[in-house]
Amino acid sequence: VFAPLGFGNWESAVTSITGLVAKENVVATVGILTSLGEAGETDPALWQGFATMLGGGTAAIAAFAAFNLLCAPCFAAMGTIRRQMMSAKWTWATIGYLCGFAWCVGLMIYQFGCAFTGNLNVIGLICAILALAGIIYMLVRPYKEATTLKA
């Protein structure tokens, strides 16, 4: 699932899943997986381990960060979404939308970044362009109900 985003190894997948519990768990999980659990967040060794875990590429690191920042919030926020929406169906639709949007943004960042650095994957780039076109279309499409309302 994460390979088109540049971080398809098990360590980054586990890190993204623990980020659903709480976003600060992403840094803690990276510290544990890279055996730098005692290093602080400002320690350069932690960030070097993080880059090594993701393959060292800037595009993969940026895609990983964007995905984890934009995907579904922590479990406590998901509970609040459920309580406010008063519907399990809309809660799951919201969480699915957030994760899908985060995946598309991560895909675009990684594929466009690879295109600029010369590591071109044609199929991935086409998918990223289609995702960007879909997002732009959803932003500029006319709002149907706005034209049917009577004053």
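Which residues line the largest pocket? Lys-23, Val-26, Val-27, Val-30, Leu-46, Trp-47, Phe-50, Phe-64, Ala-65, Asn-68 and Leu-69 do so, where a pocket is an open set of points on a 1 Å grid with protein on both sides within 12 Å along at least five of seven lines, and a lining residue has an atom within 4 Å of a point. This is a predicted model, in which local features need pLDDT of at least 70 and side-chain atom pairs count only at pLDDT 80 or more, while totals for chains, interfaces and linings use all residues. Residues are numbered from 1 along each chain as its sequence is written, and side-chain values use heavy atoms, with hydrogens and water left out.

The protein has 8 helices and 0 strands, helices being DSSP runs (H or I) of at least four residues and strands (E) of at least two. Of its 151 residues, 30% count as buried, that is, under 20% relative accessible area with a 1.4 Å probe.

The largest pocket has a volume of about 180 Å³, and α2 (25-33), α3 (44-53) and α4 each supply at least two residues of its lining. The largest share, 4 residues, comes from α4.

Tyr-97 lies in helix α6 and counts as exposed because its relative accessibility is 57%, the cut-off being over 50%.

Methods
1 Å grid on protein atoms, 1.4 Å probe; cavity = no way out; pocket = protein on both sides within 12 Å on 5 of 7 lines; lining within 4 Å. Points joined across faces, edges and corners; volume = space filled by probe spheres on them.
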